[in-house]
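Below is a set of questions and answers on one protein chain. The sequence and the model come first.

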Amino acid sequence: VVLLALVDLVFSRLLTGFEGSLNNMTILRVARLARLTKMMRLLRLLRLRIFKELALMVKGVIAGLRTLIWALVLLVFVTYALGVLLRQTVGEAGIRVDDKYGTVLFDSMPWSMFFVFRCFTTDCDLPDGTPLVAHLYEALGV
């Protein structure tokens, strides 16, 4: 494996000096594929009894990733729904904040979703650092 890696490194260093035709050498691709298959043989070691706990840990991580992906899907769905709601209600008012950025609250769908995501994850501050709730209270009295 190490020898194939060294050969791959030497060939890639030699080929960087040449333009065009030698970059698509099939020999280099075959060498990389051979190195990859040798690395895949190491996965067979996981079948040994000594690595049973490691295999259980990997399966646990994979099962946890499935749950994490569903949580992210739920977060995106809720962010989208609230973004649409705020875009249709507050965004139609066209509230412009008096800051150096000229921020218009909830003026587009991506910005609406971004504001909602920021309120979920960190704080409800605008780009200049002022709280969003204070601007909504000042403009709408809510």
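**Surface, fold and pocket**

The accessible surface of the chain is about 11100 Å², and 69% of that belongs to carbon and sulfur atoms (Shrake-Rupley method with a 1.4 Å probe; for residues, only the protein chains shown count as cover). This is a predicted model, in which local features need pLDDT of at least 70 and side-chain atom pairs count only at pLDDT 80 or more, while totals for chains, interfaces and linings use all residues. Residues are numbered from 1 along each chain as its sequence is written, and side-chain values use heavy atoms, with hydrogens and water left out.

Q: How many helices and strands does the chain have?
A: Helices (H or I, at least four residues) and strands (E, at least two) are DSSP runs, numbered from the N terminus. The order of elements from the N terminus is α-α-α-α-α. The count is zero strands and five helices.

Q: What percentage of the residues of the chain count as buried?
A: Buried means under 20% relative accessible area, exposed over 50%, and partly exposed in between (1.4 Å probe, protein chains only). The chain has 142 residues, and the part of them that counts as buried is 16%.

Q: Which helix gives the most to the lining of the largest pocket?
A: A pocket is an open set of points on a 1 Å grid over the protein atoms alone, where a 1.4 Å probe fits, with protein on both sides within 12 Å along at least five of seven lines; lining residues have an atom within 4 Å of a point. The largest pocket has a volume of about 180 Å³, and of its 13 lining residues the closest to the centre are Leu-86, Phe-106, Leu-132, Val-133 and Leu-136. Helices H4 (109-121) and H5 (132-140) each supply at least two lining residues. The most, five residues, come from H5.

Q: How many residues of the lining of the largest pocket are nonpolar?
A: Ala, Val, Leu, Ile, Met, Phe, Trp, Tyr, Cys and Pro count as nonpolar, Asp, Glu, Lys and Arg as charged, and the others, Gly among them, as polar. The lining has no polar and no charged residues, and its nonpolar residues number 13.

Q: Is Phe-106 buried or exposed?
A: Phe-106 is placed in the loop between helix H3 (52-89) and H4. Its phi is near 55°, a positive value in a residue other than glycine. With a relative accessibility of 2%, Phe-106 counts as buried.

Q: With which residues is Val-104 in contact, leaving aside its neighbours within four places in sequence?
A: Val-104 lies in the loop between H3 and H4 and is buried, at a relative accessible area of 17%. Its C-alpha is 8.1 Å from that of Gly-91, 13 residues away in sequence. Contact means heavy atoms within 4.5 Å. By that rule, the partners of Val-104 are Gly-94, Ile-95 and Arg-96.

Q: Which residue meets Arg-87 in a salt bridge?
A: Side chains of opposite charge can pair when their charged atoms come close. A salt bridge is a side-chain nitrogen of Lys or Arg within 4 Å of a carboxyl oxygen of Asp or Glu, and the count comes to two. Arg-87 is partly exposed at 21% relative accessible area. Its partner, 3.8 Å away from N to O and exposed at 53% relative accessibility, is Glu-92.

Q: Which residue forms a salt bridge with Asp-123?
A: Asp-123 counts as partly exposed, at 34% relative accessibility. The closest N and O atoms of the pair are 3.8 Å apart, and the partner is Arg-118.

Notes:
Grid points are joined across faces, edges and corners, and a volume is the space filled by probe spheres set on the points.
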